[in-house]
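Biologist: Please take a close look at the sheet for me. Then show me what packs around it.

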Amino acid sequence: MPRIILKTKINAKKEIVFDLSRSIDLHKISTEHTNEEAIAGVTSGLIGLNEWVTWRAKHFGVHQNLTTKITAYEYPNSFTDEMVNGAFKNFKHQHVFENYQNGTLMTDYFDYTSPIGLLGKIADGLFLKKYMTNFLKKRNSTIKTFAESEKWKQIIGNE
């Protein structure tokens, strides 16, 4: 099972980074390049424990639906979303937030299993792990940009 670990230093309060990370609206902004849209479940605002969202997006030229559910939640330190239905055999994405210097260290632990057995493992090595890493880096860059400016107020305001 491939594992992606990303650490992102963000000059903002942990609570702001935590809420931006679970914002459906910010996720839509960070995934404009795949035309991701929330089509069922929690489709805007902040997602919380035991809530789910179904995303529709275009990856590798194919429209796909992916449903994830928040299975663990400890405000403002961590939350986990896991795939309920989608193209992967399974995935689990843990988001961890720690106070760091004058800001937050956000760590992603993304574990997944590709579909189609051996072909999936070959795809991981050839392109999928890199694709997913870049996808998460783009998302984290968007979170960082919003958290380190006043733009976060457009997304989470006073929630």
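Modeller: In this predicted model, 7 strands make an open sheet. Their order is β1-β7-β6-β5-β4-β3-β2, and the pairing is antiparallel. Strands are DSSP E runs of at least two residues, helices are H or I runs of at least four, and both are numbered from the N terminus. Two strands pair if DSSP finds at least two bridges between them. β1 (3–10) and β2 (37–41) are the edge strands, each pairing on one side only. From one strand to the next, the twist averages 25 degrees.

Now zoom in on one pair. Strands β4 (residues 62–74) and β5 (residues 78–85) run antiparallel, joined by 7 bridges. Thr-68 stands opposite Met-83 in β5.

Next, the helix. α1 (residues 14–21) lies across β1, β4, β5, β6 (90–100) and β7 (103–113). Contact means heavy atoms within 4.5 Å. α1 runs at about 165 degrees to β6. Axes are lines fitted to C-alpha atoms, for helices over the stretch in contact, and angles run from 0 to 180 degrees between N-to-C directions.

The largest nonpolar core has 24 residues. Such a core is a set of buried Ala, Val, Leu, Ile, Met, Phe, Trp, Tyr and Cys residues joined through side-chain atoms within 4.5 Å. Buried means under 20% relative accessible area (1.4 Å probe, protein chains only). α1 gives the most to this core, with 4 residues.

Residues are numbered from 1 along each chain as its sequence is written. Local features need pLDDT of at least 70, side-chain atom pairs count only at pLDDT 80 or more, totals for chains, interfaces and linings use all residues, and side-chain values use heavy atoms, leaving out hydrogens and water.

Methods
Buried means under 20% relative accessible area, exposed over 50%, partly exposed in between (1.4 Å probe, protein chains only).
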